[in-house]
Amino acid sequence: MKHFLLLLFVVLTYQAKADNYRDMEPLLLDTPEMKAELVDLPNQRDIRLDMMAPSTSQGMDFDFFKSKTNPGLKPYKFMDDMTFVGIPLFVAGWALKGDKAMFRVNAKTEQGGKKNTQLLTDFKTRIDDYLQFFGPAMTVGLKLGGYEGRSDWPRLLASAGMSYALMAVLVNGIKNTAKEMRPDGSSANSWPSGHTATAFVGATMLHKEYGLTRSPWFSVAGYGVATATGVMRVLNNRHWVSDVMSGAGLGILSGELGYALCDLMFKGKGLLRNDLVFESEKPSFFSVSMGLGLGSKDLTFEEAGETRSIKFRAATVVDAEGAYFFNKYIGVGGRLRVRAQSAKDFGDFANFVAIEDMDAWEGLQPFYESAYPGDYILPATTDEAKWQNEITYLDKLGYVTESESAWNQNAPVTESYGIVKSDHITEFTGSVGVYFNLPLSKHFSLGTKALIGRSVTQELDIDGHAEGNKKDISYTMTLDNTPGHKQTNGDPTMSVNDLKYPNNTGEKWTDEWEYLTIGAKSSTSYGTGLSLTYRYKSNFSWRFYCDYDHTRKEFTAKYDPFHMMRTGLTSGASYLMDTVCDYGDGLGLQAREYRTKKSMNYWTLGLAFLVNF
């Protein structure tokens, strides 16, 4: 009863409060007097043109021959969007044509697949054959999906056709005139790179149709994929760095000229959207770039009295970089850099045998003969008697024959070659630091930076392959431990008696192993650079730069040239060879390991595409 009375009291109290509002007058608002008058609108340049453009059409667009022009759009003038950045890029590639790597012809495919005189990289990917069409595929796909870009179908197709036609004429005309041999020796049409030119024409088309009018990230995607295409052409051993740089320059130039000519023909017809307008004094940016790496182009290993070296050619450098600026002058940012430096000369590492004393290595010689009958490794000497002795020696072993079947049945090594899994040392560097900008005018500015980061190295890798007939060697060994016959280091003297040269065991052998690997430990990297930026649109820029990077690395080379000897001999024969053969470091037939520390000073010249935000 108490709870019921309390509930009733509460209900009645709220009802009384509600009755207090019944007789209140309604709230009245004063409406201001409205009258029409003319006013000045803000400057049209301060308004984003994309907000003024018509809304995106809905549904699929298959009206390939129907002309359409949206009202209120600013027509493009002839040469309105020309930047001419392709010209210095092409000239840079032309100037660097003299920096070539060695020709690594795959001799396995020659003369019945027997002759092997040089190494050939087996790295191969077909991705670049498809990535070159990324730009036009994206542009056409977006257009078919009803996502309006810069042009209607007739104007788009005309611009694309004009761009690709100009590129084809320029590239093929230069190819047939220059007759530059490809790195793999397959044909004399290397410079400039057609794949790279095709990729950059498509990237320029995607940039103009959707990057300028819709989102700058379409441009980043287009030029980023085009850059990756050029890098893969180098890694595939199909092009030199100079070919790729000149191809990229011709691609950009052809795309810009193709659109400029169509702007002259179509004028304001067939336009659907104008460029985006972005107003900011802060030069914050994101960029993708490709450059040429110079400096520190050789490695020398010295250990146990041995000196071995390997030489490199100019590196390909790809960057992704960005910075946020607090004002017009200073900001913070970071850079991811990939630097791939291919071998130009493997030096002594490229030889399966590096015999300095032929007399000491006489017993090993048959195992390092080439796979072709009569093609032997003989000492470079003018002594005719010694030369004839070597021929007589080989003849006694039964390896001098014109019969391929007889050779395969008797030769200790019937096939041997190197497989270059990776003919380049690649460095991945991540850096952060301070960026500086000095405006020179509305469109030009100078920049510099101070960076610190960490560098990680991916190693160069060569595998060996050999096969043949397993051999045995009969011998007796005598050790003399008397004081007068000990060696200077205290070890007993050794002599081998009744040595019989290798004879067949009736077994075949095949060996695949890591012949050579060269890598380095991670290290701290310091970088700076100087750049000139041309801001040709409100939110797009091109940048020419020269960067300097310094790091000190500890390199390691693991070299195993005699691995197949341990496989092609019986255990007793292998022990003999490993014991009596002193290669200068006491390792016999075992793998060698060399170490060296070197300060690496890198210079990089390149071109970057920037999106300002």
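The structure, a predicted model, holds 16 aromatic pairs, where rings of Phe, Tyr and Trp (its six-membered ring) pair if their centres lie within 6.5 Å. A pair of aromatic rings is described by the distance of the centres and the angle of the planes. Planes under 30 degrees apart count as stacked, over 60 as edge-to-face and the rest as tilted.

Phe 444 and Tyr 534 form a stacked pair, 5.0 Å centre to centre with 25° between the planes. Phe 444 lies in strand β9 and Tyr 534 in strand β12, so the pair ties together parts that are 90 residues apart in sequence. Strands are DSSP runs of E, at least two residues, and helices are runs of H or I, at least four; both are numbered from the N terminus. Phe 444 is partly exposed at 37% relative accessibility. Tyr 534 is also partly exposed, at 25%. Here buried means under 20% relative accessible area, exposed over 50% and partly exposed in between (1.4 Å probe, protein chains only).

Ring pairs also link Phe 200, Tyr 223, Phe 540, Trp 542 and Phe 609 into a cluster.

Two charges sit over rings. The rule asks for NZ of Lys or CZ of Arg within 6 Å of the ring centre and within 35 degrees of the ring normal.

| Charged residue | Ring | Distance to ring centre |
|---|---|---|
| Lys 143 | Trp 153 | 5.9 Å |
| Arg 543 | Phe 285 | 4.6 Å |

Phe 285 and Arg 543 turn up again at the largest cavity, among the lining residues nearest its centre, with Tyr 435, Lys 449 and Ser 531. A cavity is a set of points on a 1 Å grid over the protein atoms alone where a 1.4 Å probe fits but cannot get out; lining residues have an atom within 4 Å of a point. Grid points are joined across faces, edges and corners, and a volume is the space filled by probe spheres set on the points. There are eight cavities of 30 Å³ or more. The largest holds about 190 Å³ and is lined by 23 residues. Strands that each supply at least two lining residues include β2 (285–294), β9 (444–458) and β13 (540–559). The lining divides into nine nonpolar, eight polar and six charged residues. Ala, Val, Leu, Ile, Met, Phe, Trp, Tyr, Cys and Pro count as nonpolar, Asp, Glu, Lys and Arg as charged, and the others, Gly among them, as polar.

Residues are numbered from 1 along each chain as its sequence is written. Local features need pLDDT of at least 70, side-chain atom pairs count only at pLDDT 80 or more, totals for chains, interfaces and linings use all residues, and side-chain values use heavy atoms, with hydrogens and water left out.

How values were computed
1 Å grid on protein atoms, 1.4 Å probe; cavity = no way out; pocket = protein on both sides within 12 Å on 5 of 7 lines; lining within 4 Å.
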